[in-house]
Amino acid sequence: PFTTCVRRSPPHDYSQQLYDKYRESFEEYITSTVLPSLREKHDEFMLRELVKRWANHKVMVRWLSRFFHYLDRYFIARRSLPPLNEVGLTCFRDLVYQELNGKVRDAVISLIDQEREGEQIDRALLKNVLDIFVEIGMGQMDYYENDFEAAMLKDTAAYYSRKASNWILDDSCPDYMLKAEECLKREKDRVSHYLHSSSEPKLLEKVQQELLSVYATQLLEKEHSGCHALLRDDKVEDLSRMFRLFSKIPRGLDPVSGIFKQHVTAEGTALVKQAEDAASNKKADKKDVVGLQEQVFVRKVIELHDKYLAYVNDCFQNHTLFHKALKEAFEVFCNKGVAGSSSAELLATFCDNILKKGGSEKLSDEAIEETLEKVVKLLAYISDKDLFAEFYRKKLARRLLFDKSANDDHERSILTKLKQQCGGQFTSKMEGMVTDLTLARENQTSFEEYLSNNPNANPGIDLTVTVLTTGFWPSYKSFDLNLPAEMVKCVEVFREFYQIKTKHRKLTWIYSLGTCNLIGKFEQKTMELIVTTYQASALLLFNSSDRLSYSEIMTQLNLTDDDVVRLLHSLSCAKYKILNKEPNTKIISPTDHFEFNSKFTDKMRRIKIPLPPVDEKKKVIEDVDKDRRYAIDASIVRIMKSRKVLGHQQLVMECVEQLGRMFKVIDWKQEPEHLYILPLEPVMLELLGRLFDPSRKTNLPEECMKKLAVTPISIKLRAGAVASSQMSEA
């Protein structure tokens, strides 16, 4: 028989007959032997027979195509006919596969469903059967996808739809998610054992659709076990599982991050309310309101941030959506005030308490560094960063000037952190203040050398002068205090020294920041009094007079009413009564008279007499408001210089964008509710309503409207907004 394979010339060339006979032999064998054996078997037995017959068929094809290799090399190549291997496989496909693929598919899907229900099946058998679907396509996946995969995916969707409809009613959210995760894991395992790898994304998508997408809202909002409950009960594992599952479905994380944001906002707002209530109770008890409660509030906000930042990093795998949700949630309540103090002020006070000597926060160096890092992170959520900067600068000034700073390294450390967070311009003045103190110490050393080298330049008393650069430090009132004769010489000596050192700088003396050590000779003992320059000047007046009236003290010191009241109260009505007052009341009035209290005594030989601090909050806010106006002007100039021509609305938008990093600029047209009005009676509110909405009707009488037309109404934009021409007219 092999002689027929040798190439012959016509009419002895039998290649075509041989090629046809090759096909016929397969068809005859399949029809007579293979098909009857398959038709008489069903389900798993049919599958086993099919696998066996397919394996035999492949062996036959391989060997026969080798026997007639001549046909592949010459005859088929010349005639462009299908190769022998393809002819053999096509015979099986056309005769066996086309007849049985539906039954085979159903049997395979039935076995898969049995496995899903927990029964043991022959996975190797399924693998071999599904390989037939792949191999029959001869390099194409059409037969696998169309004849098996599509039906399998449809069955999968129906199967999990039935399961999910029962689970969602019976199970809690954590239990449901456990089942869903287990199902996804098993389906993935199924692909690795017998399904084709290309089925994995399609199969998992179907499972996710039926188990998660369809019931996402119901699952997340389950009353006692949904996302809110998991966050409330700190169910970290369940939250991690929720993230893993919902990250697999399109936009699945949006509702989860929304609930996370709501929860964090609610917790933060509750902290604000708690602090407000505590402050109100203190006010009712007439105790110190500012202080401990605000410190506790900031500490709790830091702890809240630590907790939910850990959730974002661990449970939610550092996902940007949850970072955004956390940021927006903290921005909501971090910009609410507590007991009349803004968050910017509270944060600055908290820092001051950590950094100053004798603060209530007793922490190790590492703990201080860690806390400062967290405070700077919180600052990112505060819209009025410029207000924080001004409050912080005021408190930094007090720490530096009165030697209350606990550690210079910590002072520099927080400035470095603030610089990284808010930029160099934000901290430039504060850094200048710290540098100024170093230069001031060097200047003092030079002054002492000058005094030792010039015996004639003798100030008479020990004098320490701190020379500061005006631009770096907060603005302070400077009054022409009438200094006592003992101090006048000191000032003159230092002025002469400073003029030798530099001829182009002007010294402005800030006596309100000075301190003085006086020796007080009382009847029982001599004591050292640590007082401010104002207090010292007032006490030294009694060296030449036994009794002085309020007006005489005020005239001789050349101070304002407020300052005189403060210093006389500290000396005659507070803990240490260095002066006796007539009448003996707790209030200072212009008709009072004062005498030196020679009978004063104390168990200590050295006492510090504090001067009640001026509440600088109002001044700080005014200064910031003024700076904001300049910042807005500068921003408008910068924009218009670069753009030349710009529409009003576009100018406002660009201005808001530029300044938004430091403070919130509000356009009154967009956010009229952010306006606050002072002072207004109810009737004026009616008029203001018409001002912003001319179509609004009012029931006010005519004469009342006429009166209101000339009543001045004070309107102020909270963040110094860029007002339109209509606003100016209003």
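In which loop does N318 lie? N318 is in the loop between α13 and α14 (320-334), where helices (H or I, at least four residues) and strands (E, at least two) are DSSP runs numbered from the N terminus. The model is a predicted one, in which local features need pLDDT of at least 70 and side-chain atom pairs count only at pLDDT 80 or more, while totals for chains, interfaces and linings use all residues. Residues are numbered from 1 along each chain as its sequence is written, and side-chain values use heavy atoms, with hydrogens and water left out.

N318 has a phi near 60°, which is a positive value in a residue other than glycine. With a relative accessible area of 43%, N318 is partly exposed, a class that lies between buried (under 20% relative accessible area) and exposed (over 50%), as judged with a 1.4 Å probe and protein chains only. A positive phi, near 65°, is also found in K644, again a residue other than glycine. K644 is placed in the loop between α24 (617-643) and α25 (648-659), and it counts as exposed because its relative accessibility is 62%.

Turning to the chain as a whole, the secondary structure comes to 28 helices and eight strands. Of the 730 residues in the chain, 43% are buried. The accessible surface comes to about 39900 Å², and 51% of it belongs to carbon and sulfur atoms; such areas come from the Shrake-Rupley method with a 1.4 Å probe, and for residues only the protein chains shown count as cover. Among the contacts in the chain (heavy atoms within 4.5 Å) that have a separation of 6 or more, 71% are between residues 24 or more positions apart.

One place where several features come together is strand β4 (residues 579-582), which holds K581. K581 counts as buried because its relative accessibility is 7%. The side chain of K581 takes part in a polar contact of 3.2 Å with the side chain of D592, a polar contact being a pair of N or O atoms within 3.5 Å of which, within protein, one must be able to donate a hydrogen and the other to accept it, with residues adjacent in sequence counting only if both atoms are side-chain atoms. A polar atom of the K581 side chain also lies 2.9 Å from the backbone oxygen of P583. Not counting residues up to four places away in sequence, K581 touches S572, C573, I587, I588, D592, H593 and F594. P583 itself is in the loop between β4 and β5 (593-596), and the peptide bond that leads from E582 to P583 is cis, with omega near -10°.

N443 lies in helix α19 (residues 424-453) and is buried because its relative accessibility is 5%. The side chains of N443 and K501 make a polar contact of 2.5 Å, and, leaving aside neighbours within four places in sequence, N443 is in contact with V467, F494, F497, Y498 and K501. C183, in helix α7 (residues 173-193), is likewise buried, with a relative accessible area of 9%. Apart from its neighbours within four places in sequence, C183 is in contact with Y160, W167 and L211; C183 and Y160 are 23 residues apart in sequence and 9.1 Å apart in space, C-alpha to C-alpha.

On a 1 Å grid over the protein atoms alone, a cavity is a set of points where a 1.4 Å probe fits but cannot get out, and lining residues have an atom within 4 Å of a point. Grid points are joined across faces, edges and corners, and a volume is the space filled by probe spheres set on the points. By this rule there are three cavities of 30 Å³ or more.

The largest cavity has a volume of about 90 Å³, and its lining is formed by F297, V298, V301, C334, S343, L346, L347, L378 and I382. α13 (292-315) and α15 (343-355) each supply at least two residues of this lining. The second largest cavity holds about 70 Å³ of space and is lined by L50, V96, Y97, L100, N101, V104, V129, I132 and F133. The largest share of that lining, five residues, comes from α4.

Conventions
On a 1 Å grid over the protein atoms alone, a cavity is a set of points where a 1.4 Å probe fits but cannot get out, and a pocket is an open set with protein on both sides within 12 Å along at least five of seven lines; lining residues have an atom within 4 Å of a point.
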